[in-house]
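Please look over the following notes with the structure open beside you.

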Amino acid sequence: MRYGAKVLFEEVSTSFLGERRYALTGPNGAGKSTFMKLLTGELDPQKGNVIRPKKFGKLSQDQFAFDSYRVLDTVIMGNKPLWAALTERDAIYEKPEMTDDDGMRLGELEGIVGDEDGYTAESDAAILLQGLDVPEELHERKMGELQGGHKVRVLLAQALFGHPAALLLDEPTNHLDLESIHWLEEFLIRYDGTLIVISHDRHFLNNVCTHTADIDYQTIITYPGGYDDMVLQKTKIRSQIESQNAQREKKIAQLSEFIARFSAGTRSSQVTSRKKEVERLATSDLARSNIARPFIRFEMKRPSGKTALTFNGVTKAYDDNKVITDFTANVQRGDKVGLVGRNGVGKTTLLKALLKNAPGADEPQASLDSGTVEWGHEASVGYFSQDHRESIPGGTTAVDYLHSFDPQASNEELRGLLGQMLFQGEEGLKPTDALSGGEAARLIFCKLMLQKPNILILDEPTNHLDLESINALNIALQKYEGAVLLVTHDEDLLEEVATRIWHFKDGQIEDFKGTYEEYKADHPE
């Protein structure tokens, strides 16, 4: 498969075997989603063919395609033969008069409905939905009435419905909170078909996948084990080839020196045999890997006071729904606080309320019902919002957007910063309206590196990043000396960065002083 001059795959032959769970990995732009579309039949390969099972489930990326359907019906549509049979059966029953042919056809349709477990379809769909935390009162609602997070869960249930032989999931953990991700992990580990999953959540891939199919070097290489296993094996193979090449080049240099010295002399037969050896030793070409590693480093212009931030009796409610009740806490310089809890419990609300009088924040804010937030001496805030794409104004370029935060910065400095975040060459002149989700996220990190704040407030910073960028962010946050408030569903990021956990539940925030691992050990489910 190629787009113009860009080759995604060249002569790829690979198999995905039953009862194995494959991670499909590769950097942004390597062709993961394109390959998934080749597998589902949405795209045809320009050469070669794909053999797929009769029944496979896939996660629909279009959240609006089913807006006019009931939630339960949307799930049942995951079993295409059953849904077709039910639709045709209902159409026959709605006729004012039935013919003999209709009666015969009804018999056939009832057979299909029976074979496809159609008589328990609604209860099966309801069990799936409840497992994915879609409450029963939403099951009869139309999809158009649901929030984005619930819609994703319903579409996930659709993919899982009807016992498909293979499951193809593209970013299934996006918009899921940690508890839902844990449920999905357990569900997929029990799933007995072939699973192929694209995800930028390293912890999820390591927990779920038995194999990793890595798209790189214009081909697909499958490694046993999860994501971390693949990285180790890939690095080992790569360095092996590189050291073999280094040894070959050394030998070639020695042979070439011999040829140069004796080519006109008496040793011409030896020279000929050495020339042949040089040809044989010509280094095996290393296909260029398309993995690009961004470089993120958060620095502070100046440190904040010892206490970066103080909450006094903070309360916030929406109508009768109290999301935060009488919360009091201090955040010290260097504290890295992970905010955890189900979606909708108030994590983003708290962060937005914080920004109300935040020094240096430039985003829309929410207000508190009561209580106060006090910022420490010399505090300056850098903010990454959950809807970060919307926080970048249109009608400008990436480099001009950065200029607005530091008019003194030279073009070379800004280009260097953009280069660190993988905006190569003229990409810094790209219009902000044309940025992808991943590019927009990387541009916000450029802004934060330029601002050099001493408090970072990050709301779901990993949603559109590839694994390389998430790893770079992880390392940068561990090294950062300021205070961090972090909302993320990336468990590795939580485990490796957070030194303190705020758990949101039923309007209360539990303040746990310790790592996420210690928190889990202290709160067995």
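1. Contact here means that heavy atoms lie within 4.5 Å. The model is predicted. With neighbours within four places in sequence left aside, lysine 142 is in contact with Asp67, Ser68, Tyr69 and Arg70.

2. Where does lysine 142 lie? Its place is the loop between α5 (121-131) and α6 (148-160). Valine 71 is 71 residues from lysine 142 in sequence, yet their C-alpha atoms are 5.8 Å apart in space.

3. Lysine 142 has a relative accessibility of 40%. Buried means under 20% and exposed means over 50%, with partly exposed in between, so lysine 142 counts as partly exposed.

4. Next, the sheet. Six strands form an open sheet with mixed pairing, and their order is β4-β5-β6-β3-β7-β8. At the edges are β4 (56-58) and β8 (219-224), each of which pairs on one side only. On average, neighbouring strands of this sheet are turned by 20° against each other, direction ignored.

5. In which sense do β3 and β7 pair? Strand β3 (residues 21-25) and strand β7 (residues 211-216) are parallel, and four bridges join them. For tyrosine 22, the bridge partner in β7 is histidine 211.

6. Which strands does helix α9 lie across? Helix α9, residues 227-262, lies across β3, β7 and β8. The helix runs at about 115° to β8, and β8 is an edge strand of the sheet.

Technical notes. Residues are numbered from 1 along each chain as its sequence is written. This is a predicted model: local features need pLDDT of at least 70, side-chain atom pairs count only at pLDDT 80 or more; totals for chains, interfaces and linings use all residues. Side-chain values use heavy atoms; hydrogens and water are left out. Two strands pair if DSSP finds at least two bridges between them. Helices (H or I, at least four residues) and strands (E, at least two) are DSSP runs, numbered from the N terminus. Axes are lines fitted to C-alpha atoms, for helices over the stretch in contact, and angles run from 0 to 180 degrees between N-to-C directions. Buried means under 20% relative accessible area, exposed over 50%, partly exposed in between (1.4 Å probe, protein chains only).
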